[in-house]
Amino acid sequence: MMERELSDEEEDRENLISQNARPNDVVKSPDHHNHRSAFRIDDELRNRVSGAARRFNKRYILAIFLPVVILVVYLTTDLKNVFRMRVPSIRDIGGNGPLANRMRESELRALYLLKQQEIELVKMWNYTTLVGRSNFSLVNNSDSVNLNSGNDNGVLEGLRSRVFGQISLNKQIQGALLSAHESEGSVDLSANYTDSSLSDWTSCKKVDQRLSERKTIEWNPKSNKYLFAICVSGQMSNHLICLEKHMFFAALLNRVLVIPSSKVDYEFHRVLDIDHINKCLGRKVVVTFEEFAESKKSHLHIDKFLCYFSFPQPCFMDDERVKKLKGSGVSLSKVEAVWKEDVKKPKQRTVQDVLAKFSSDSDVIAIGDVFFADVEREWVMQPGGPIAHKCKTLIEPSRFILLTAQRFIQTFLGKDFVALHFRRHGFLKFCNAKQPSCFYPVPQAAECINQVVERASTPVIYLSTDAAESETGLLQSLVVLNGKTVPLVRRPARNSAEKWDALLYRHGLEGDSQVEAMLDKTICALSSVFIGSSGSTFTDDILRLRKDWGSASQCDEYLCQGELPNFISEDE
């Protein structure tokens with residue numbers, strides 16, 4: 001029993017030693033079982049166990065302290081500055097460093113090239129100016145009318161506008177580059193680097209009306225001879241044009257003009273300054289119906305009715321108009337036409353024709369509606385009109401309306417704005433009956449407006465329109481300049497907090513549709529650039545005021561002038 005236990009113990013020891021012994025020991029000592037003692041085996045075991053413990057302690061300590069070190073480094077170090085790449089500037093390098101010299105040379109080279117570009121642009125500018133003058137001379141000296149001259153001038157002005165824009169951009173770049181050399185004596189920053197011909201140029205200059213070349217006649221009426229004005233066709237704008245032509249007839253016939261009664265026609269005294277006409281001529285040339293009635297002691301009679309138009313009816317007066325005249329207390333003589341004249345096909349007449357047919361010794365005469373009359377057209381249509389006077393124009397808005405328009409502009413628009421008369425109500429059928437049509441789809445109209453706004457370079461548009469909100473809303477969304485919407489401003493509803501229209505309600509003129517229409521005309525007439533509706537007498541009256549007041553611009557035009565509508569509906 002003892003021997004078996006000893007034998008088992010020796011076997012276990014032998015197995016333990018063979019598992020932990022190194023190979024070299026085994027090779028060197030094949031009889032190692034006999035030479036190793038229990039003491040040596042225990043020493044080796046302790047050494048191996050303690051080595052493993054030391055290796056474990058090192059890993060444990062490293063695992064604990066490494067995160068702590070990383071955290072401390074993160075909190076105490078600005079990592080952005082560690083990894084930031086810093087490019088040295090001229091200030092750091094010094095004014096005389098090689099990089100500073102290279103940059104200075106590059107800037108001066110850029111300035112030289114920009115100067116060369118400016119020289120070439122100015123040459124182009126001078127060329128367009130020369131071409132423009134030669135075209136103007138050819139058109140004026142030609143006996144025939146050049147129908148394309150207006151379009152050619154528009155294209156030329158567009159080219160000049162773009163050249164001017166490039167020259168301006170060139171100057172801005174030169175200024176930016178020169179600003180880096182302000183301290184250097186070699187560069188004269190006060191020098192004028194732009195050609196003198198550009199100093200006062202604008203793409204939308206005012207039109208020279210050549211007032212010194214006006215052909216005029218004197219209006220010296222006989223105090224007891226009257227011409228009774230009768231205007232029938234159309235609305236207020238037509239009647240104002242009719243009155244203007246009546247003034248010309250009155251001047252030719254040496255008669256005082258009688259303004260129609262409000263019972264028969266519009267209340268002209270609410271929109272026009274009647275006394276202004278007399279002051280401009282320095283004598284009594286126009287009287288109101290009430291003044292006429294007082295001078296005649298209530299015996300109001302038209303001695304002769306000499307009709308300018310004979311068709312569709314004499315004097316272009318229907319029975320309704322005759323009843324209104326009689327209702328105002330005016331008795332009429334026989335209505336007769338002096339010649340055959342159709343309102344749809346008026347003939348060109350001269351001063352001699354008028355004097356031969358309408359001269360009379362009668363105290364009061366009438367010639368009927370003359371809105372469509374074509375007498376000395378160029379003479380009548382010239383700036384200031386055909387009559388000699390000391391004012392800009394004879395027929396203009398009342399003082400209250402003019403001041404209200406100016407106050408509105410000061411409040412909402414400012415000095416530079418485009419005015420747009422956008423006629424729509426009832427205009428579709430009217431325009432489509434004409435050849436070519438003058439009614440444009442809203443997107444096409446917006447594109448035309450954008451082109452004018454770009455040339456005029458104005459920040460805002462005044463909109464005078466009878467269009468529905470659906471159309472004006474679409475138009476507003478499409479009128480854009482340089483990626484920004486150009487606001488369409490309309491007159492707001494009456495607001496007691498706003499004082500720009502105080503004169504109107506203070507004098508009982510608010511809410512009058514004719515006063516508001518004249519206010520719209522006045523604002524449009526005072527604009528930097530005007531876009532009108534072809535075929536509208538409202539637009540024609542605005543153009544007359546702009547021409548007479550000297551506010552007409554070279555950029556003024558009809559909406560989409562020279563273009564056809566890109567879509568036209570069929571007839572009924």
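This is a predicted model: local features need pLDDT of at least 70, side-chain atom pairs count only at pLDDT 80 or more; totals for chains, interfaces and linings use all residues.
Me: How many helices and strands does the protein chain have, and what counts as one?
Reply: The protein chain has 22 helices and 17 strands. Helices are DSSP runs of H or I with at least four residues, strands are runs of E with at least two, and both are numbered from the N terminus. Of the 572 residues in the protein chain, 41% count as buried.

Me: What makes strand 11 largely enclosed by the rest of the structure?
Reply: Five of the five residues of strand 11 (residues 418–422) are buried, and therefore the strand is largely enclosed. Val418, Leu420 and Phe422 point one way, whereas Ala419 and His421 point the other way. In a regular strand the side chains alternate between the two faces of the sheet.

Me: How do you know that strand 11 pairs with strand 12 and with strand 16?
Reply: Two strands pair if DSSP finds at least two bridges between them. Strand 11 and strand 12 (residues 461–465) have five bridges in the parallel sense, and three bridges join strand 11 to strand 16 (residues 529–532), which also run parallel, so both cases meet the requirement of at least two. Within these pairs, Phe422 stands opposite Thr465 in strand 12, and Leu420 stands opposite Ile531 in strand 16.

Me: What makes strand 15 and strand 17 edge strands?
Reply: They belong to an open sheet of five strands, which has the order 15-12-11-16-17 with parallel pairing. Strand 15 (488–489) and strand 17 (557–558) each have a single partner strand, so one side of each is left without a neighbour in the sheet.

Me: Which strands stand at the edges of the open sheet of six strands?
Reply: That sheet has the order 3-2-1-9-5-7, again with parallel pairing, and its edge strands are strand 3 (286–287) and strand 7 (335–337), each of which pairs on one side only. Inside that order, two bridges join strand 5 (residues 304–307) to strand 9 (residues 364–366), and Lys304 stands opposite Ile365 in strand 9.

Me: How do you know that the side chain of Thr465 makes polar contacts?
Reply: A polar contact is a pair of N or O atoms within 3.5 Å; within protein, one must be able to donate a hydrogen and the other to accept it, and residues adjacent in sequence count only if both atoms are side-chain atoms. The side chain of Thr465 reaches the backbone oxygen of Phe422 at 2.5 Å and the backbone nitrogen of Ala467 at 2.9 Å, so both distances fall within 3.5 Å.

Me: Which residues is Arg270 in contact with, leaving aside its neighbours within four places in sequence?
Reply: Contact means heavy atoms within 4.5 Å, and Arg270, in helix 10 (residues 268–271), is in contact with Ser398, Ile401, Gly508, Leu509, Asp512 and Val515. The backbone oxygen of Gly508 lies 3.0 Å from a polar atom of the side chain of Arg270.

Me: Why is helix 9 called roughly perpendicular to helix 14?
Reply: Helix 9 (residues 236–253) and helix 14 (residues 351–358) pack at an angle of about 70 degrees, with their axes 10 Å apart. Angles under 35 degrees count as roughly parallel, over 145 as roughly antiparallel, 65 to 115 as roughly perpendicular and the rest as oblique, so this pair is roughly perpendicular. The axes are lines fitted to C-alpha atoms, for helices over the stretch in contact, and angles run from 0 to 180 degrees between N-to-C directions.

Terms used: Residues are numbered from 1 along each chain as its sequence is written. Side-chain values use heavy atoms; hydrogens and water are left out. Buried means under 20% relative accessible area, exposed over 50%, partly exposed in between (1.4 Å probe, protein chains only).
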